[in-house]
Amino acid sequence: MFYFLRGSRGFFLCSLLFALLSTVSDLAGPRIIGLAVDKTIPYFDGAVYVALIAVAGAVARYLFRLMNAKGAETFVKRMRDRLFDHIEHLPFSWFMENRTGDIIQRCTSDVETVKRFVAEQFTMLVRIVALLVMALYFMWTLNARLMIVATAFLPVIIAYSAVFHGKISETFLRADEEEGTLSTIAQENLTGVRVVRAFGRERYERERFEKQNDIYTAAYNRLNLLVTGFWTAGEFVSGIQVLTVLATGAVFTVRGNMSAGDYIAFVAYNAMLVWPVRTLGRVISEMSKAGVSIERIRQIMDAQREQAETGKARPSMEDDIVFDHVTFSYAPGTPKILDDVSFTIPRGKTVGILGATGSGKSTLTYLLDRLYDLEEGQGEIRIGQTALRDTDLHYLRENIGMVLQEPFLFSRSLADNISISDKEASMKQIRTAAKIASLDEAVRGFAKGYETKVGERGVTLSGGQKQRAAIAQMVLRGTPVMIFDDSLSAVDAETDAKIRAQLKENTNGATVIIISHRITTLMHADNILVLQKGKIAEEGTHEVLVHQDGLYKRICEIQGVA
Ligand SMILES: Nc1ncnc2c1ncn2[C@@H]1O[C@H](COP(=O)(O)OP(=O)(O)O)[C@@H](O)[C@H]1O
Ligand SMILES: [Mg+2]
């Protein structure tokens, strides 16, 4: 909370100050009225003082609300900014372990809960405490015995508030988690709408959503039941307290132990006491919720950022890439995805990697991009003489271009998407890159050309067009290392050949890794690795491998390549 409060503390301090001023003016009124009733001061003077104090109180309240609202907005803005920034820097594996919908729920719903507490309840809490202390003091000076009667109820209220506080936290945590699951279902259905439609799963998904919604609603109903019970009990106790004070005070006054003016002032102060005690219940229940939300946000903020400080080496990327006895599994105790893999990609050469799905091809590229780091004893990857884990993370990724099988395009213009890594790129450069990726022709068919927004009504790109846009992205970057991870899978064989020929012409000097299950895509590579269950089963050029009696030859036969 203190971390997020940076920048808004000034507003909150001002708002607290004005809150205290307004409380003081609230408290002054009854005292003056009491004095006027007892004729200690003239009626007229009393009326003027009360009016002046009321105006001052109104101004203070206005400024209090203004400062409070400003503080809350500043606070919540910082919270969102910090959260987004932090999430942007979390390691890839964190995103694999956490559900998108749940993350979004924490960044929206939980942030909102904390904001509500800070905006409405936090200063209220301070005002309540101030009001309690001051009202009790005035009551003490008016009549100490009656004050003891009035406060006899406080311990009861505090005790049951404490009990409810724990229960409400617990129930709200459950409700909040259920909301996270609900968000995940909704988010996955939006993202995966094509799968849902293709498999006719609408009804199943709707039922799944409704079931989760039932669970979520039930959890919230339980929470409401608790909160309502809590408030009602509080009001009941307050009611009894007021009655007791009224009756006892009346007896005191009739017996002459207390003046009429003091009685009126005392009852007014007591009424002020009732409000904070009742509101305290609301504040405590809100505080319980805010505590849960802050904890869920803290879990994100506590997640370790990607370690950018591991190394600062910036080796020339125009150097050999060496995998040296690499053994890797995603988590301790899980099966080895790569098992003692060793190979070298000489600088400027092209290597092809062939293997069945799940054989660990993409994992190789994750390791090279340092989305996962090799631990002690898992072997080493080197660029020239430099161990990969000593390299500067940002520098490394800047120099490795990667085209994925399922590229992701932002809902911006095509030109913006292609020039995503180089905002300075001219239209001419963008078009040249698109030409090399065989995308230019298709784009010229669009009414708005390169200004077409991806995903805009009526224009969605085909899988192959998206892949080609991703290739254009990489061509524009002109990185010294280029990886094509199954990235020509969605284009026809002819376009595939055309793109490769154009790439070869325009990317001389680059080290290229081509991953594919299509022999024709990688048969011209300088070296071909055949990956089988995490091990390198065969290695060599097409000419060598095609004459060996192994997996490569069998796949050639299946695909009709001589
Ligand atoms: N992020 C991940 N966490 C855990 N296991 C993964 C992850 N990514 C891939 N795997 C597992 O690693 C194996 C190899 O996957 P991958 O390298 O993507 O294979 P390929 O690209 O050859 O199809 C698969 O069995 C897959 O289930
Ligand atoms: Mg893969």
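Contact here means heavy atoms within 4.5 Å. The model is predicted. In these terms, the buried residues of helix α20 pack against β3 (350-355), α18 (519-522), β9 (527-532), β10 (535-540) and α19 (542-546).

Helix α20 spans residues 551-558. Its buried residues are Leu551, Tyr552, Ile555 and Cys556. Viewed down the axis of α20, these residues fall within an arc of 140°, so they line one face of the helix. An α-helix has 3.6 residues a turn, so residues three or four places apart point the same way. Glu557 and Ile558 are exposed on the other side of α20. Gly560 follows the helix and has a positive phi, near 70°.

Three of the elements named above, β3, β9 and β10, belong to an open sheet of six strands. The strand order is β6-β7-β8-β3-β9-β10, with mixed pairing. β6 (400-403) and β10 stand at the edges, each with a single partner strand, so one side of each has no neighbour in the sheet. On average, neighbouring strands are turned by 15° against each other, direction ignored. β9 and β10 run antiparallel and are joined by five bridges. Gln532 stands opposite Lys535 of β10.

Helix α16 (residues 463-477) lies across β6 and β7 (481-485). It runs at about 170° to β6.

Thr365 lies in helix α11 (residues 361-368). Its relative accessible area is 3%, so Thr365 counts as buried, the cut-off being under 20%. Leaving aside neighbours within four places in sequence, Thr365 is in contact with Met402, Ile483, Asp485 and Ile515.

How values were computed: Residues numbered from 1 in each chain as written. Chains lettered and ligands numbered in written order. Predicted model: local features only at pLDDT ≥ 70, side-chain atom pairs only at ≥ 80, totals over all residues. Heavy atoms only, no water. Buried < 20%, exposed > 50% of the residue type's maximum accessible area, 1.4 Å probe, protein only. Helix = DSSP H or I, 4+ residues; strand = E, 2+ residues; numbered from the N terminus. Arc of directions from axis to C-beta. Pairing = 2+ DSSP bridges. Axes fitted to C-alpha atoms, helices over the stretch in contact; angles between N-to-C directions.
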